[in-house]
Amino acid sequence: MSSTGQTAALTDLASRVLGGVVVTCNDQFYADASNLLLPHPPRYDPDAYDAKGKVYDGWETRRRRTVGDDWVVVRLAAPGEVERIDVDTAWFRGNYPAAATVHGAWLEGFPGPNDVWQLPEHVWRPLAPRTPLTGDAVTSIAVTPETSPELAGRRVSHVRLTIHPDGGVARLRVLGRPVPDPALLTGTVDLAATENGGRVLGSSNEFYGSADHLLAPGRAATMADGWENARRRDGGNDWVDLQLAGAGRLRRVEVDTTCFVGNAPGRVVLRGADLRSAGTGAGEGADPASWPVLLDLHPQPDTRHVLALGAAGAPGATDRAVTHVRLEAHPDGGMSRLRLWGELDDDALAAAARRWEETAL
Ligand SMILES: NC(=O)NC(NC(N)=O)C(=O)[O-]
């Protein structure tokens, strides 16, 4: 999985990079629960101790001397359908929990810690049954209609991880698909953004940095937070294929090479296609390298290029809806973000509204 939290098909809905946050927990004596959501692999320094004890890169509670279990509640970065939960106990060897249980809930608005403490137990529905953990290992738990009859195929806004009875967990990954609120998809929105339903379908090379980073919110703080391929030696070009939130007309683009100083692409080309009619013979050609050009740009290094497609794009770039975009980096090079602002068409908005309804609890 990449550090933004996407696998080929699934997104880590809890990832801090996308905006997941720990709302509250009952104990974080040894190590902060917020570490659970960090994107990078858990670190370990054998010599690191502080006034409380050993320093861990994860969430760690004290040894329980009373009956009960420890728990943490996470607000997901985006509401979504959960398909798998990974509980990673990396580096917790003599202090990992015996088992974990995960619940999910749909909570309206933005409940704070006090609200969460007062929630009646029945709002929490089982996502992952009580599952034994082992030390220093990832335990993956599938969310299926069998294991989670109430929540499989439903959207949740929050998850609660319970550890039995106490201990340390390095990372919690809540893997699934965002279900964007259709009320937030009207007007001109970033149709590539993960939180809006955009996703990476594939790329030529992600040697140094995942292409998923391109679709994350905010701006990159370092080069590690961007898409970076290896140096290409074969005369070709690197590329990333994207599926947009739905069919829409693009208006503006942002090609952000921030943090890529000696390794920005020499040239960036965006191509777009409407694949709704693919397979009927009426669709665009199957090869994305032959899709119509939307933008052809010689970017500056370390620069955020915000462009109106109507003025800066290829003729006709704003005239038709696209569902998919190919980003080409010539010959290679890294970028931190790609934003594709446009308006979803009526069919795409109706589909988003249907999905919101169908996934309601
Ligand atoms: N060596 C330890 O990790 N001890 C304790 N934990 C910390 N963080 O010191 C414990 O009881 O699990």
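Me: What separates the centres of domain 1 and domain 2 in this predicted model?
Reply: A distance of 33 Å, taken over C-alpha atoms. The domain assignment puts domain 1 at 11-178 and domain 2 at 182-347. Seven residues of domain 1 and five residues of domain 2 make the contact. A pair counts when the C-beta atoms lie within 7 Å.

Me: What makes up the side of domain 1 that touches domain 2, by class?
Reply: Five nonpolar residues, two polar and no charged ones.

Me: Why does the radius of gyration of the protein chain agree with a compact globule?
Reply: The chain has 361 residues, so a compact globule would come out near 21 Å. The protein chain has 22 Å, which agrees. Its C-alpha trace spans about 70 × 45 × 35 Å along the principal axes.

Me: How many of the 361 residues count as buried?
Reply: 47%. To count, a residue needs 20 or more other C-beta atoms within 10 Å of its own.

Me: Which residues are around the ligand?
Reply: Y30, G53, K54, Y56, E60, R63 and N95. Each has its C-beta atom, placed from the backbone, within 6 Å of the ligand. By class, that shell has two nonpolar, two polar and three charged residues. Tyr counts as nonpolar and Gly as polar.

Me: Where does the name Allantoicase come from?
Reply: From a UniProt domain annotation in an unreviewed entry, covering residues 19-178 and 197-343. Such annotations may be inferred rather than shown by experiment. Over residues 19-178 the chain is 3% helix and 41% strand.

How values were computed
Residues numbered from 1 in each chain as written. Predicted model: local features only at pLDDT ≥ 70, side-chain atom pairs only at ≥ 80, totals over all residues. Domains from an automatic or database assignment. Contact = placed C-beta atoms within 7 Å. Helix = DSSP H or I, 4+ residues; strand = E, 2+ residues; numbered from the N terminus. Rg over C-alpha atoms; globule rule 2.2 N^0.38 Å. Buried ≥ 20, exposed ≤ 12 C-beta atoms within 10 Å, placed from the backbone.
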